[in-house]
Each structure stands twice: as C-alpha cells, then as structure tokens.
Amino acid sequence: MKYVIVTGGVVSGLGKGVTASSIGVVLKGCGLRVTSIKIDPYLNTDAGTMSPFEHGEVFVLDDGGEVDLDLGNYERFLDITLTKDNNLTTGKIYQSVIDKERKGDYLGKTVQVVPHITNAIQDWIERVAKIPVDGREGEPDVCVIELGGTVGDIESMPFFEALSQFHDRVGAENFCLVHVSLVPVLGVVGEQKSKPTQHSVRELRALGLTPSLLACRSAKPLEQSTKDKISQFCHVSAAHILNIYDVPNIWHIPPLLRDQNAHLAILKKFNLFSPSKIPHPELGEWEKMADGCDKLTVPVAIAMVGKYTGLSDSYLSVIKALLHAANACSRKLALTWVAATDLEDSAKEENPAAHAKAWEDLKSADGVLVPGGFGDRGVQGKILAAKYARENKVPYLGICLGLQIAVIEFARSVLGLKDANSTEFDEATSNPCVVFMPEVNKHIKGGTMRLGARRTFLQTTDCISAKLYQQELYIDERHRHRYEVNPEMVDKLEAAGLKFVGKDETGRRMEIMELPGHPFYVGVQYHPEFKSRPVKPSAVFLGLVMAASGQMETYLKGDGGVLRTPYELSTKKSLPKAVYQNGHANGVEPVKANGTCNGVHSVSLSNGVSR
C-alpha cells in the first residue's frame with residue numbers, strides 16, 4: 001500500500017481537498033486504484049451535530065456516516081463510495097482508546113498520547129486504507145490522506161506525530177508527503193512572496209516530516225525566480241514544486257497537475273516509475289468538461305431559498321448538483337441566494353430593502369430550490385417561496401425540508417387548513433402535516449436520524465420522476481431527517497391534487513411528491529445532491545434545470561417517456577440506460593464517471609456564485 005499525505009500551511013481554506021482529490025484523479029489515470037481518508041482534528045465524533053456555519057455542509061454517505069464535506073469532494077472527483085471510517089476525527093480516536101482502556105486492553109499501563117493515541121491513528125489508517133471503495137474486489141493501490149487544519153494547530157499535534165511515526169512504519173518508499181502552501185502577492189509591492197511557505201515548511205520539518213512535493217497556491221502562475229527561491233530555502237527540488245493557480249473552474253486542476261508531471265514525481269517516490277514505460281494519464285474527459293463549462297453563455301437562473309445563505313459551503317453539494325445539471329443542459333448556472341427570512345412579512349417592516357430585493361430575486365428566477373435545513377427560522381419565508389412557485393407555475397424542487405414545506409403550504413392554501421404545520425415547528429398544531437418519525441431518538445442528537453442510502457419505490461410510471469429516473473421500479477438515495485410527511489394526511493392531500501409518486505418499502509413513508517399539471521413541482525425526502533456526478537447529474541436536479549430552461553418537453557420524448565440527453569439528441573445515438581445517477585436499469589450498474597470538488601479554485605459569476 002502506498003500513502004500520499006496532504007498537509008496545509010499558512011492559512012486554512014487553501015484547497016487541500018481539491019489538491020488531494022486531483023492527485024487521486026491523476027494517479028487513477030495512471031491505472032492505480034485510489035482510496036481517500038480525511039483526518040479532522042476536532043473533538044466531535046463526526047460532523048453530524050455541527051452547524052453549517054461552523055464547518056460547512058454535513059455530507060452523508062451510503063452507510064449513514066455524517067462526515068466532512070471533503071469526502072463529498074473525493075466521491076465526486078474519484079467516483080468512489082466511501083464509508084464513515086474514511087473520516088477520522090480526534091473524537092473517534094480518543095473514544096476508541098478510552099473504550100479499550102475500560103475493557104482492560106491496556107491493563108497495567110499508563111494510557112498516553114504517545115504511544116497509545118498515535119498507534120491508534122496509525123492502525124486506523126492502515127485498516128481503512130485496505131477497504132475497496134470502487135466497487136471492485138481487492139485492496140486499493142494508493143490511499144490519499146488529507147490532514148485538516150494547518151501546520152502548528154495545537155489540536156493537530158497527535159496526528160503529525162502519528163504521521164511522522166507512520167513514515168518509519170511503512171517505509172520511505174511507500175510514503176509521499178505533499179504540503180500545500182500559499183504564495184501571496186502583497187498589493188503594494190506586487191511581488192510573489194515565498195516567506196510564508198518557507199516558515200510553513202520549517203515548522204513541518206520541526207514536527208518530524210519532510211515534504212516530498214510542495215503545492216503552491218497562488219492567484220497567478222509562479223514566476224521561475226519564486227520557484228527557485230522556494231526550492232533553495234525549503235530544500236525541495238524545483239521539479240517537485242507544483243503550482244496550483246486560480247483557474248476558471250476546478251475541473252482544470254487534474255490536467256494542471258498532470259502537465260506539471262505530479263504523477264511522475266509521486267511514482268518515482270513510490271518506486272513505481274519505469275523509464276521504458278512512462279505513464280501519461282488520460283484526462284480527456286476532464287479537459288472536455290473544463291473547457292465546455294468555460295464556454296457556456298446562456299444562463300439559467302435558480303433561486304436558492306435557504307437559511308444558511310451566508311456561507312456557500314453550507315450547500316456545497318447542492319451547488320455542485322446544480323452545476324452538473326446545468327452543464328448537461330448546456331446552460332450557465334446563475335445562482336441567486338435568497339435568505340428565507342427576507343421573504344417573510346416581518347422583514348417588510350424590519351428591513352424593507354432586503355425584503356424587496358428578496359422578492360425581486362425570487363420573481364426573476366427561472367426556477368426555485370428549497371434545500372434541507374433544521375429549526376423554524378426562515379420557515380415562513382420558504383412556505384411563501386413554495387406558494388409563489390406553485391401558483392405561478394415556476395419550476396420548484398424541494399429537498400428534505402423543502403418537500404415538507406411544499407406539503408405544509410399545500411395543506412394551508414388548498415385544503416384550507418390554516419394552522420397546518422410540522423410538529424418540529426408547532427407541537428400543538430391540530431393539523432400536523434409533518435410529524436416526528438417514531439423510530440428516531442428524541443433526546444440523543446448525534447447519529448440518530450434516518451441516515452444513509454434507503455430504497456424508494458416508484459408508485460407509477462406516469463409521472464415526471466419516473467421518466468427522469470428512466471422508469472425504474474426503485475431508486476437508492478441518501479437520507480438525513482427526523483421528520484416525515486404524516487401518513488394520516490396523505491389521502492386528504494392526494495384527493496386535493498398532490499401526488500406522492502415515491503414511497504418507502506412499507507408504503508407509509510412519503511419519498512417523492514409531485515403536483516400534476518405543474519411544469520415541475522417536485523419534492524423529495526432524500527438528498528439527491530450527495531450522489532450527483534458531473535456526467536451523471538442527479539435526475540431531479542436535471543429535471544429542475546430542464547424545466548427552468550424550457551427544455552423539459554424536448555428531452556421527454558417517446559419510448560414511454562425515456563429521458564433523452566443532449567448527446568443523444570445531437571448524435572442520434574443512445575447512451576446506456578443507466579446513464580443517470582441512482583437508477584437501476586434492470587440491475588445494470590450506473591455508468592462510472594469522475595466528479596468535482598469544492599470551489600476553492602474558483603471564479604465568481606456575475607451573481608457571486610463560484611464555479
């Protein structure tokens with residue numbers, strides 16, 4: 001097993017996740033099987049109880065793991081399916097060591113950070129690195145490990161010590177350290193400054209680790225004099241100094257690393273390089289996606305109505321899923337953030353300008369998306385957004401809470417149940433449209449929701465969702481919720497026109513909602529964004545963008561309503577039926593493809609969205 005360790009220095013948020021994922025893509029292009037581990041030094045067991053404002057979105061895996069958003073980056077880039085053990089936290093390590101101590105595994109010993117915590121970290125890495133994540137049998141060839149935070153963080157010290165020991169444990173020929181650092185340009189001087197990188201590498205060496213490669217982040221390509229200076233003072237060959245500069249979109253990063261021969265440097269470190277057979281990673285699909293995205297000019301405007309709009313990472317996977325769908329429809333995503341609280345009547349008095357702007361943005365959008373969330377803040381604004389979309393036939397997609405919001409709005413406006421609500425927001429409501437799930441723990445928050453991949457059975461083929469999912473009998477999507485549509489209210493809602501076209505295996509849990517006669521008014525209880533890929537966009541996200549861009553009727557053609565992609569319409573050829581993510585084409589596995597990562601290397605669109 002070979003290990004690529006990615007650390008960061010100077011400041012956080014440099015793009016270690018993008019760098020780690022891109023290295024994985026390049027190595028995968030060399031024919032190696034790649035897996036990933038993310039180390040988060042916080043004391044939380046997992047990310048499940050953390051606010052999106054604290055740490056960005058909580059990414060959910062098939063096995064129900066609530067993990068750091070970077071695991072979503074790895075899955076999208078490498079098209080792999082990770083487990084909760086691929087996210088290692090200080091909380092998990094200390095809990096495992098304490099559990100062993102209580103069982104008597106260390107009987108007679110004084111349990112200490114060194115060697116017990118550091119050994120536990122190394123054992124965890126070795127164990128998880130051997131787990132196949134690409135759907136094939138056998139161990140992966142390379143494990144890319146990203147250590148969160150920056151060099152010098154006090155909470156990271158046990159991990160740096162463990163990795164220093166791990167270097168000796170596995171051998172130098174199996175250990176390659178890539179250090180990501182910043183090369184800023186001071187506005188007054190206008191010169192690329194290497195001193196932050198020098199200090200970062202010096203501190204890394206003091207912790208017992210020597211970088212094999214440096215990945216220098218900069219706004220513009222590094223000047224040769226800067227590279228030479230970094231090489232001289234950091235004792236790293238100039239050929240091993242990679243430059244990751246700002247690019248129009250992050251799909252450019254893997255080809256950028258390949259063109260700087262990052263793969264050759266790593267393969268030589270691993271003694272896998274043969275001069276007689278120099279590998280050249282084939283990244284044509286990446287270059288095609290990157291260039292194609294740059295050339296898109298026709299916009300599609302989507303209003304995202306949420307409560308965490310102050311931090312785009314709170315909805316990172318939703319943004320990526322929208323980008324995947326927009327690219328598939330040859331449209332340039334114009335995403336407008338609408339704070340749900342600004343739509344509410346109270347905002348009209350408290351902040352008239354924000355209220356007017358929010359409604360202007362909502363009414364100017366081609367489509368509306370209400371993502372998941374918790375708590376009652378902004379709920380009334382989301383209900384008003386759903387009402388506007390329903391009454392004005394504006395394409396609408398509700399995810400998790402967004403489905404529940406649409407149901408509440410329909411019950412109030414169509415059924416006339418003015419106090420219809422979720423028991424999450426009003427436990428005393430006489431018309432509970434959304435209720436707490438009976439099997440969920442009301443007192444313990446961490447890891448107690450309905451989590452992970454669950455099966456949804458389509459109830460009819462005569463609906464938009466069945467056509468988007470290519471009329472499969474069932475679909476597997478990832479969930480994260482405590483509340484559900486009240487099964488006792490379903491008959492009333494359906495009698496009034498709302499249809500639940502997807503249900504769980506019991507038939508009592510509502511999974512997909514549609515409104516017949518509306519161009520696209522769909523709500524899903526699951527989170528389809530977690531399984532979206534660039535060339536396999538999520539079916540319902542694709543439906544939203546197609547409806548918002550006026551392409552729905554064009555793409556839903558004959559053959560029982562089978563979805564026609566832009567490729568098929570332009571070439572008259574058919575792709576495999578399982579081309580769309582999450583479908584099960586008569587047992588055929590979905591076509592594999594690479595994905596994207598977070599928007600650290602980005603450019604802002606006119607509306608402030610990063611690509």
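Me: Where is Gln525?
Reply: Gln525 is in the loop between strand 21 (521-524) and helix 20 (539-548). Helices (H or I, at least four residues) and strands (E, at least two) are DSSP runs, numbered from the N terminus. This is a predicted model, in which local features need pLDDT of at least 70, side-chain atom pairs count only at pLDDT 80 or more, and totals for chains, interfaces and linings use all residues. Residues are numbered from 1 along each chain as its sequence is written, and side-chain values use heavy atoms, with hydrogens and water left out.

Me: Why is Gln525 called buried?
Reply: Buried means under 20% relative accessible area, exposed over 50%, and partly exposed in between (1.4 Å probe, protein chains only). Gln525 has a relative accessible area of 0%, so it is buried.

Me: What makes the pair Gln525 and Gln404 a polar contact?
Reply: A polar contact is a pair of N or O atoms within 3.5 Å; within protein, one must be able to donate a hydrogen and the other to accept it, and residues adjacent in sequence count only if both atoms are side-chain atoms. The side chains of Gln525 and Gln404 make such a contact at 3.3 Å. Leaving aside neighbours within four places in sequence, Gln525 is also in contact (heavy atoms within 4.5 Å) with residues including His479, Tyr483 and Met510.

Me: How do you know that strand 20 pairs with strand 21?
Reply: Two strands pair if DSSP finds at least two bridges between them. Strand 20 and strand 21 have three bridges and run antiparallel, with Met513 opposite Gly523 in strand 21. Strand 19 (residues 499-503) is likewise antiparallel to strand 20, with four bridges; there Gly502 stands opposite Ile512.

Me: Why is strand 20 described as mostly covered?
Reply: Five of the five residues in strand 20 (residues 510-514) are buried.

Me: Why is Val188 called exposed?
Reply: The relative accessible area of Val188 is 84%, so Val188 counts as exposed. Val188 sits in the loop between strand 7 (175-182) and helix 7 (195-206).

Me: Is Asp79 buried or exposed?
Reply: Asp79 is buried, because its relative accessible area is 9%. Its phi is near 50°, a positive value in a residue other than glycine.

Me: Why does Lys393 count as partly exposed?
Reply: Lys393 has 47% relative accessibility, so it falls in the partly exposed class. Lys393 lies in the loop between helix 16 (379-391) and strand 13 (396-399), and its phi is near 55°.
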